Amino acid sequence: MLEVFIFATLNGLVTGLLLFMLASGLTLIFSMMGVLNFAHASFYMLGAYFAYSISSYLGFWTGLLVAPIVVGACGALVERYGLRHVHKHGHVAELVFTFGLAFLIEEIIQFLWGRDTKNYQQPDILDFPLFTLFGQEFSAYRGFMIFISVAIFIGLYYTLTRSRIGIIIQAAITHPHTVANLGHNVPMIFMGVFGVGSALAGLAGVIAGPVLTTFPGMAVVLGSIVFVIVVIGGLGSLAGAFVASLLIGLLQSYAIASDVGMPDLLDLLGVSFERSHPLNDLWTMTLPQIAPILPFLLLVLMLIFRPTGLLGKREE
Amino acid sequence: MLKKLAPWIGFLATMIILPQLFSSILAISILNQMAIAIVFALAYNMLLGQGGMLSFGHAVYFGLGGFMAVHALVMIEFETVYFSVVLIPLIGGLFGLLAAIFIGSFSTRKAGTVFAMISLGIGELIAASSLIFADFFGGEAGVSGDRTFGPLFFGVDFAQDVEVYYLATFWVFVATVFMYLFTQTPAGRMANAVRDNPERAEFIGYSARKVRFISFCASGLFAGVAGGLFAMNYEFLTEENLNAATSGRVLLMAYIGGLGYFIGPIIGAVILTLMNSLLSNYTELWMLYLGVMFVLTVMFLPRGFAGFIMMHQMAWHHGKLKNLAVPYLITGLPALICLLSAVALIEMTHTQDEMLQYLGMSLNTASAFTWIMAVAITAGTAYGTRRSLGQLRIAWENANEPLTGDRE
Amino acid sequence: MAILSLHDVTKSFGETSIIRGVSLDIQVGEKHAIIGPNGAGKSTLFHLISGRYNVSSGTIFFKGETIHNKAPYQIARLGLARSFQVTNIFPRMNVFENIRCALLWSNGYRYSFWHLLGREAKLNDKARAILDEIGLSDKAHFPATELAYAQQRALELGIAIAGGAEMILLDEPVAGMSHSEAENAVELIRRVTEGKTLVMVEHDMNIVFDVADRISVLVYGELIASDTPENIRNNPRVQEAYLGEVATDA
């Protein structure tokens with residue numbers, strides 16, 4: 001029992017931190033531009049694919065370094081020539097644009113790389129168990145994922161709160177005109193933040209690719225969960241996104257690992273239903289079965305009872 | 001009076017005549033798809049274009065209506081109930097309405113991003129639940145039925161697709177009329193008001209939330225009707241009909257067609273159905289082209305194809321429309337050639353064959369000459385288009401000059 | 001009989017206190033002006049009365065019913081209407097439709113989806129009558145955004161009065177107008193608010209002294225005086241805080 005719990009916690013941590021890498025970029029972009037970027041998970045996917053291609057020729061570590069930069073550049077270009085142009089058509093147009101972009105990126109990836117799953121390998125150096133507990137191994141690669149995530153967050157935190165550019169960015173988020181009047185190039189800042197946010201997503205793709213499989217549907221799988229996180233955590237709140245990411249990551253991990261279900265609950269209550277009962281599906285539901293929909297259930301509940309999320313600040 | 005009814009008569013007449021002109025099995029199938037798409041897209045636009053509510057999960061009402069419709073077909077087949085299948089789309093509509101009433105009761109509190117996110121969450125929730133609740137949704141295999149049972153309708157058992165098409169024509173016409181009339185009612189007009197200025201709408205006595213709720217329910221009703229039509233046509237529904245991809249497709253249709261015009265979604269539905277069914281026969285990459293077209297539309301034609309057509313209203317009003325014919329040709333021709341040769345390049349890159357069949361030509365992908373020509377033509381016509389934009393702009397301004405005697 | 005009563009109303013946003021204990025009674029049929037320096041909280045006061053903001057403390061009564069913390073649409077239905085400082089019309093409708101929408105609720109249409117507005121003769125006649133009154137008849141089918149500024153303000157006023165409200169709040173109705181435009185506007189305001197209660201925020205002192213039966217002076221969220229125009233003019237506190245120049249060139 002304990003071993004299941006420990007590994008579920010570790011796996012939940014890995015997932016949660018990965019999700020935060022995505023959610024943080026999305027939150028920054030939303031705070032800055034008021035637009036929820038649907039194509040954010042697409043940049044994640046691009047990161048994985050670029051890293052796959054680069055690592056096929058130049059090794060994993062080159063991919064780790066170069067792929068996020070390429071993705072960040074793509075993001076900056078998208079902001080400069082796409083989003084900025086659409087901005088004047090209004091909020092709905094921006095959302096629809098990013099939605100269309102997500103669709104387009106998926107198609108472009110299929111065009112350039114094909115529809116099959118790519119054999120994106122972990123680097124050999126990390127292909128060993130970091131430790132073994134109760135007979136189960138925890139791979140070094142996952143440990144590496146945790147390490148990179150935490151390193152990035154610390155870097156992000158210090159950049160935003162201690163560095164000069166970080167303070168300017170924070171100011172530009174709430175008072176872009178004032179910051180512009182102070183002589184800063186706000187459009188350039190926007191482009192930069194969008195680029196960095198996309199690069200973060202790309203980085204997440206680079207390290208997640210080998211583990212979560214690199215295939216054209218990977219953006220869809222993670223994309224909706226990231227939105228759930230950003231909304232649950234509170235639109236515009238990085239701390240909220242952090243809490244929500246870990247929450248969802250751990251929740252899903254525990255749900256999948258547990259063996260509990262409705263039948264257990266019904267047993268407890270001393271109730272039983274016939275197999276032919278119309279709501280049979282409901283009574284035989286198990287926790288692992290509904291694990292994929294838990295985030296969405298949470299999302300809907302949160303939006304009904306507390307639309308600003310856990311720690312949200314930005315009100316529409 | 002006749003002038004107002006003319007477009008409707010024309011609409012109905014066109015729908016009735018089309019299968020006589022295009023009577024192949026493929027054509028009928030495409031027409032049926034168009035009919036379903038038109039109702040679904042119009043229903044969606046009640047929400048987005050008229051109500052200002054962006055939903056990423058509207059397939060839920062389409063799918064739920066469809067599933068209920070298929071179950072109704074099954075019940076007719078096994079004589080649990082006895083009524084004509086012509087009412088099936090109505091069953092779909094009623095169930096869509098029920099779902100919308102339930103979900104709308106808590107999701108219409110706010111518009112904007114919150115609404116979009118709730119719709120996304122609900123959509124995913126229900127699509128995922130459909131695999132769990134296998135009794136109603138049939139699990140991975142979906143639910144299937146047979147439309148040829150129950151009492152005959154004037155001797156028709158709807159075994160043939162064209163018979164289904166004429167039934168669909170009836171429902172499409174009825175649904176379209178009602179959706180149009182809705183825009184002329186207090187609820188419909190206030191939906192527009194709430195879309196543009198929810199604050200002011202409240203200050204003239206209307207609860208913005210309630211207005212949105214009504215639009216939401218109406219939209220769910222007609223989406224369910226579309227689902228019912230789908231059930232009649234395909235006799236088969238799966239989780240796919242509830243999922244985000246289907247929701248995305250109807251958003252595409254409405255947006256490309258033009259949100260701000262009633263006829264917009266109809267145009268979008270027709271275009272998308274044609275691309276889906278015809279283009280996909282010629283190239284594997286049609287989805288890529290669709291994606292490009294969508295993004296370009298959002299960027300450069302934010303009011304859609306309908307908006308593009310309506311832009312010419314002033315020029316037409318002034319009788320200067322023909323002045324634009326030549327300028328359009330001067331810009332349009334190189335633009336068209338540029339597009340075609342760019343597509344050729346993409347197809348050549350993608351194909352495994354040595355000889356690519358393209359627009360009646362056989363292009364040799366192994367030959368450097370072919371590549372150089374394609375690149376040259378694309379680049380040349382792109383440049384030519386760019387250069388000719390100036391004269392188009394001048395012609396456009398001339399055509400749209402206010403005449404003397406117009407408003408100051 | 002006081003149609004509107006404020007008792008010790010306060011409003012704070014976080015630490016910042018905008019309205020600090022305002023008490024005010026407005027009588028039926030009164031023409032009341034609220035003046036004060038910029039930032040005094042005049043618009044905030046309007047927002048509190050019309051339901052856009054909730055009060056931090058205190059009560060507001062309209063025709064004997066509590067209206068503080070009620071939703072704007074509930075308050076509007078009781079017969080209290082307002083116009084806005086920044087023109088707040090329905091941009092994608094034409095002028096006629098703007099007015100017609102404002103008529104819907106008070107003419108009993110509620111959320112009907114079975115009445116076809118084109119056929120509602122009485123309603124359409126009423127809308128045309130209002131357009132006549134505000135002088136926009138010839139612009140009926142113009143998109144609302146294509147009107148000149150002064151005409152938009154007239155439309156703004158039209159939307160506010162269309163519902164037949166008993167009390168009208170006007171927030172700087174003639175702001176940004178030329179002298180002759182303002183004169184016409186004031187004439188219009190006088191006409192359409194005959195027999196109704198009017199509360200107006202205004203900066204132009206000539207208009208204020210011309211139109212108002214009573215004037216209240218709001219400074220830093222406090223009402224420092226509420227009296228007839230003459231008494232206000234001679235009130236030393238008011239002169240010190242606000243009126244300075246006007247008193248000397250009277």
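Chain C has nine helices and 10 strands, and the coordinates here are a predicted model. Chain A, by contrast in its make-up, has 14 helices and two strands. Chain B touches both: 24 of its residues are in contact with chain C, and 34 are in contact with chain A. Here's a quick tour, starting with the chains themselves and ending at the interfaces.

**Overall dimensions**

- For chain C, the radius of gyration is 19 Å, which agrees with the value near 18 Å that a compact globule of 250 residues would have.
- Laid along the principal axes, the C-alpha atoms of chain C fill a box of roughly 60 × 40 × 35 Å.
- Chain A comes out at 21 Å, close to the 20 Å that the globule rule gives for 316 residues, so chain A is as compact as a globular protein of that length.
- The C-alpha trace of chain A spans about 70 × 50 × 40 Å along its principal axes.

**The sheet in chain C**

- Six strands of chain C make up an open sheet, in the order 6-7-8-3-9-10 and with mixed pairing.
- The edges belong to strand 6 (80-82) and strand 10 (222-227) of chain C; each has a single partner strand, so one side of each is left without a neighbour in the sheet.
- Going from one strand to the next, the twist averages 15°.

**Helix packing in chain A**

- Helix 3 (residues 60-87) and helix 8 (residues 186-212) of chain A pack with their axes 7 Å apart, at an angle of about 140°.
- An angle over 145 degrees would count as roughly antiparallel, and this pair is therefore oblique: helix 3 of chain A against helix 8 of chain A.
- The handedness of the crossing between helix 3 and helix 8 of chain A is right-handed.
- The contact of helix 3 with helix 8 of chain A takes in 15 nonpolar, seven polar and two charged residues.

**Helix packing in chain B**

- In chain B, the axes of helix 16 (residues 325-350) and helix 17 (residues 368-399) come within 8 Å and cross at roughly 155°.
- That angle makes helix 16 of chain B roughly antiparallel to helix 17 of chain B.
- Helix 16 of chain B passes helix 17 of chain B in a left-handed crossing.
- As for residue classes, the contact of helix 16 with helix 17 of chain B has 17 nonpolar and eight polar residues, with no charged ones.

**Where chain B meets chain A**

- On this interface, 34 residues of chain B are in contact with 38 residues of chain A.
- Helix 5 (112-132), helix 6 (134-137), helix 11 (244-257) and helix 13 (286-300) of chain B each give two or more residues to the side that touches chain A.
- Helix 5 of chain B has the largest share of that side, with 14 residues.
- The side of chain B that touches chain A is made of 24 nonpolar, seven polar and three charged residues.

**Where chain C meets chain B**

- Here 30 residues of chain C are in contact with 24 residues of chain B.
- On the chain C side, helix 2 (72-78), strand 6 and helix 3 (95-104) each supply at least two residues.
- Strand 6 of chain C thus turns up again: it's an edge strand of the sheet, and it also contributes to the side that touches chain B.
- The side of chain C that touches chain B counts 19 nonpolar, seven polar and four charged residues.

How values were computed: Residues are numbered from 1 along each chain as its sequence is written. Chains are lettered from A and ligands numbered from 1 in the order in which they are written. This is a predicted model: local features need pLDDT of at least 70, side-chain atom pairs count only at pLDDT 80 or more; totals for chains, interfaces and linings use all residues. Two strands pair if DSSP finds at least two bridges between them. Helices (H or I, at least four residues) and strands (E, at least two) are DSSP runs, numbered from the N terminus. Axes are lines fitted to C-alpha atoms, for helices over the stretch in contact, and angles run from 0 to 180 degrees between N-to-C directions. Angles under 35 degrees count as roughly parallel, over 145 as roughly antiparallel, 65 to 115 as roughly perpendicular and the rest as oblique. A crossing is left-handed if the near helix is turned anticlockwise from the far one by less than a right angle, and right-handed if clockwise. Ala, Val, Leu, Ile, Met, Phe, Trp, Tyr, Cys and Pro count as nonpolar, Asp, Glu, Lys and Arg as charged, and the others, Gly among them, as polar. Two residues are in contact if their C-beta atoms, placed from the backbone, lie within 7 Å. The radius of gyration is taken over C-alpha atoms; the globule rule is 2.2 Å times the number of residues to the power 0.38.
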